[in-house]
Amino acid sequence: MKATLQSVLSSVSQVNTPKPETVTEKTLSTKMATQRSGSARKRVVIVGAGFAGLYAAKKLKSANVDVLLIDKNNYHTFQPLLYQVATSALNPDEIAHSVRATFRNQKNFDFLQGTVKSVDWTEKEVLLSNSDTISFDYLILATGAIYNDFGVEGVQDNAFFLKALQDAVNLRSHILERFEEANKNPEKLDDGLVNVVIVGGGPTGVEMAGALSELYTNVLRKDFPKLDFVKANIILVEQTNSLLGQYSEGSGSYANDSLEKMGVDLRLGESVTSVTPTSVTLASGEVIPSHTLVWAAGVRAHPLAEALNIELTRGFRIAVDADLSIPTKHNAFVAGDLAGATDKDGNLLPQLCPVAIQQGSHVAKQIIADLNGKARKDFSYFDKGSMAIVGRNAGIAEMSPQLGGIKLRGFIGWLAWLFLHIVYLVGFQNRFLVLSNWFYSYISRDRHARLIMRVSSDTETDVDEASQKQATA
Ligand SMILES: Cc1cc2nc3c(=O)[nH]c(=O)nc-3n(C[C@H](O)[C@H](O)[C@H](O)COP(=O)(O)OP(=O)(O)OC[C@H]3O[C@@H](n4cnc5c(N)ncnc54)[C@H](O)[C@@H]3O)c2cc1C
């Protein structure tokens, strides 16, 4: 089902720490350690340029520390809009932003492109996949989460996961290629060539289903006028009996009705038991012919957690104290999807952007408190609410009880969703481009990003590969 990946975006995926042949790994790591020995300031190493890492680094702007942010990519990805790249609404570079550009004006900031694979707690060093070591005084771990396939047969080999830019571009290309193939051989439509099965009725699954339905109806029907679209089905499979389980019942029903009106085939109370390149089998025994399965059925913490020899909690997340530091490792913090922080009732906090943003800021503040000889504070999540979009003029915005519990659905919910996503998108140019592309799509019902291309996952590393294996174990 997945096509072979070739390198197209090599410029963003090359690791930025080349090893000159005459320099050994040990001398290189020694060099990196000594580079900072002249500085009397403490060094804060942040691993991961996601929401948590970015907001932690920003908060440390005026602190008397050296900040080193490490990420395997040289850019930050705005994951909530990945599905729009996968459905041709946006280009990948419109939802990602260079880390160096983001911090151009922050004097105490430096960036290193590299993949962290472990931490030496005794030496206070992070270990990179190329064997470099980076020493730290304070450490903030924020490598996020990966998809959990729950061991379902064939998912790892055949499903598409929406987690990185490469995933979104490859999924888009895969779908468009299936249409080109169907145009050449229309009889293959009977084999489910352009059917897409999406697994998981949470916000990602609902948004993907709605956007895909609009792509099929408004764009591909016109691009491929000879094809019989009765044989082009979008099927959303959800294990429970309702969509958007973490939202109110009314919002779940609203998503349900909206998607049905858009022609999405909903299979509630169903689960996937196995996947092959050309079919998806459900627990009921039904076999759906489909060459494309999108897995949006839940995440687990990034497997770096398991390589650290520290206590983990549910979902493989790292157990943390109330101030988000790692128990027994007072100078190391965890933030975002990787952190096993709980609310006052002991429930794990959701793996969402606002949690990551607030935790990133919080850990930075605790480091500043340490430096100023002040007491640390416990982390407390302020929940503002949840949002999702089903399609054109069909959004859902639910404010938390602390903010009045107001629920907006339809056009107003859609506007609220657009506004908030623009606000949190990193980079002024990206905001401008996304807004103008949305405006264009709104008035024309067209999608501008329809190139078929393959993107290499070069930045996938030993840790990532190990992770996928562990996730399936
Ligand atoms: C498709 C999708 C849709 C979503 N929609 C929403 C939404 O609508 N609203 C919402 O609130 N949340 C949404 N989320 C969840 C949200 O994106 C996450 O909660 C948030 O990104 C977590 O931030 P983080 O900083 O913990 O991790 P991430 O944002 O995942 O960042 C982790 C960073 O760590 C880097 N990294 C990983 N491993 C290594 C390593 N070994 N070495 C160096 N760097 C590494 C990665 O490159 C990445 O930059 C969505 C997630 C996905 C995947």
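Reader: Hi! What makes a residue buried, partly exposed or exposed here?
Author: A residue is buried if 20 or more other C-beta atoms lie within 10 Å of its own, exposed if 12 or fewer do, and partly exposed in between, with C-beta atoms placed from the backbone. This is a predicted model, where local features need pLDDT of at least 70 and side-chain atom pairs count only at pLDDT 80 or more, while totals for chains, interfaces and linings use all residues. Residues are numbered from 1 along each chain as its sequence is written.

Reader: Great. So is Ile396 buried or exposed, and why?
Author: Ile396 counts as buried because it has 28 C-beta neighbours inside 10 Å. Ile396 sits in strand β23, residues 394-399 (strands are DSSP E runs of at least two residues, helices H or I runs of at least four, both numbered from the N terminus).

Reader: And what is Ile396 in contact with?
Author: Setting aside neighbours within four places in sequence, Ile396 contacts Tyr247, Ser251, Tyr254, Ala255, Met387, Ala388, Arg409 and Gly413 (C-beta atoms within 7 Å). As for Trp414, 18 residues away along the chain, its C-alpha atom is 6.5 Å from that of Ile396.

Reader: Zooming out, how many helices and strands does the protein have?
Author: There are 13 helices and 24 strands. Of the protein's 473 residues, 46% count as buried. Among contacts with a separation of 6 or more, 67% join residues 24 or more positions apart.

Reader: Which residues touch the most other members of the largest nonpolar core?
Author: Those are Ala56, Ile140, Val294, Trp295 and Ala335, out of 134 residues in that core (a set of buried Ala, Val, Leu, Ile, Met, Phe, Trp, Tyr and Cys joined through C-beta atoms within 7 Å). Helix α8 gives the most to this core, with 9 residues.

Reader: What does Ile140 touch?
Author: Leaving out residues up to four places away in sequence, Ile140 touches Val44, Ile46, Val47, Gly53, Ala56, Phe333, Ala335 and Val363.

Reader: New topic, the ligand. Which residues come nearest?
Author: Gly48, Gly50, Gly144, Gly336 and Leu352 do, of the 35 residues around the ligand (C-beta atom within 6 Å of it). At least two residues of this shell come from each of α3, β2 (65-71), α4 (82-86), α8 (203-223) and α10.

Reader: At what angle do α3 and α10 pack?
Author: About 35°, with the axes of α3 (residues 51-59) and α10 (residues 353-371) 7 Å apart (axes are fitted to C-alpha atoms over the stretch in contact, and angles run from 0 to 180 degrees between N-to-C directions). The contact includes Phe51, Ala56 and Lys59 of α3, and Cys353, Val363 and Lys365 of α10.

Methods. Two residues are in contact if their C-beta atoms, placed from the backbone, lie within 7 Å.
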